[in-house]
Amino acid sequence: MQYLIYLLAYPIIWTISMLPFRLLYLFSDFVYIIVYRIIGYRKRTVRKNLGLALPHLSNKELLIIEKKFYRHMCDMFLEMIKTMNISKEEICKRFVFKNIEIYKELEKQGKSIAVICSHYASYEWIISMNYYSDFAGYGIYKQIKNPYFDKLVHKIRSRFNAKLITTRQTVPTIINNAKNNVLSLYGFASDQSPKAKGAMHWAKFMGIDVPVHVGAEMLSKRYNMILLYLNTKKVKRGYYEATLEVLSENPKEVPDFQLTDQYLKLLEKQIYEAPEFYLWTHKRWKYRR
């Protein structure tokens, strides 16, 4: 059944990936009507999250953000599909790293680098950072249940000189690379919600006490990696700018959880500035106290 679903869906996905951007966004407008107005995909979750995170806003203001978010989400989903056939020149024009020279200077230290980011703006096109890196690139992701779609995602990412590893593969991969002196660039999306039971750290995120992932910080400390934060902004439809910020060149010297808390504060600032570009469909505040 999974293979049949893949066979039926692949021609549609491929056709979408071949659309010029002007048609892609016209199609996105149509998808928005289906997803938001007809299906109401996770609308209850989105409204609950917006109310929890932005209680100072009126219902009218929250509704405006909600609609803008769904439009952006549809754009981003189709941009993800477009990644199948987008050229290097096109993606580098649409996703610009404003200060990549900082990263290039840090590479000279001869230490692996961890980049911590979030589900904000275009987290799919962040992978184009591998075009500027001389290190082996790894993206940490949640494995797709359908193995055929999972294989397709791996194939797409390989176009950007990146390897996908699951959360379970992360530590063994870092250990192996460290043992063999393989300088690497690791991408962590650290804003999802871990299980409350056994959580190593709780912190205030958007004013709510929640469990948080600390893997990027702890692994950076353990394996002597430089830790960076990637701030992505949506300039206009289909165009993004990313800025790198050094959290620490020597994470071992920073008290535990301080870097994670700093990351959350930086993400909060992004969300407050333009909340419509955060991924509100995630149950980020499922566990709270």
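In helix α2, the buried residues are Phe 21, Leu 24, Tyr 25, Ser 28, Val 31, Tyr 32, Val 35 and Tyr 36. Buried means under 20% relative accessible area, exposed means over 50%, and partly exposed lies in between, with a 1.4 Å probe and protein chains only. Helices are DSSP runs of H or I with at least four residues, strands are runs of E with at least two, and both are numbered from the N terminus.

A word on the model. It is predicted, so local features need pLDDT of at least 70 and side-chain atom pairs count only at pLDDT 80 or more, while totals for chains, interfaces and linings use all residues. Residues are numbered from 1 along each chain as its sequence is written, and side-chain values use heavy atoms, with hydrogens and water left out.

Back to α2. Its buried residues pack against α1 (2-17), α3 (43-53), α4 (59-82) and α5 (88-94). Contact here means heavy atoms within 4.5 Å. Just after α2 comes Gly 40, with a positive phi of about 65°.

Next, His 72. This residue sits in helix α4. His 72 counts as buried because its relative accessible area is 2%. Its side chain joins that of Lys 234 in a polar contact of 3.0 Å. A polar contact is a pair of N or O atoms within 3.5 Å; within protein, one must be able to donate a hydrogen and the other to accept it, and residues adjacent in sequence count only if both atoms are side-chain atoms. Setting aside neighbours within four places in sequence, His 72 also touches Ala 121, Tyr 240, Glu 276 and Phe 277.

Now Asp 191. Look in the loop between β5 (184-189) and β6 (202-205). Is Asp 191 buried or exposed? Buried, because its relative accessible area is 2%. Its side chain makes a polar contact of 2.8 Å with the side chain of His 119. Beyond four places in sequence, its contacts include Cys 117, Ser 118, Tyr 263 and Arg 284. Asp 191 and Arg 284 are 93 residues apart in sequence, yet 7.6 Å apart in space, C-alpha to C-alpha.

Thr 260 is in helix α10 (residues 258-273). At 3% relative accessibility, Thr 260 is buried too. Its side chain meets the side chain of Glu 217 in a polar contact of 2.5 Å. Outside four places in sequence, Thr 260 also contacts Val 212, His 213 and Val 214.

On a 1 Å grid over the protein atoms alone, a cavity is a set of points where a 1.4 Å probe fits but cannot get out; a pocket is an open set with protein on both sides within 12 Å along at least five of seven lines; lining residues have an atom within 4 Å of a point. There is one cavity of 30 Å³ or more. The largest cavity has a volume of about 40 Å³. Its lining includes Cys 117 and Ser 118, residues that Asp 191 touches.

The second largest pocket has a volume of about 190 Å³. Its lining holds 13 residues, with Ser 112, Ala 178, Leu 183, Tyr 223 and Asn 224 nearest its centre. Helix α8 (residues 167-179) gives the largest share, three residues.

Note on methods
Points joined across faces, edges and corners; volume = space filled by probe spheres on them.
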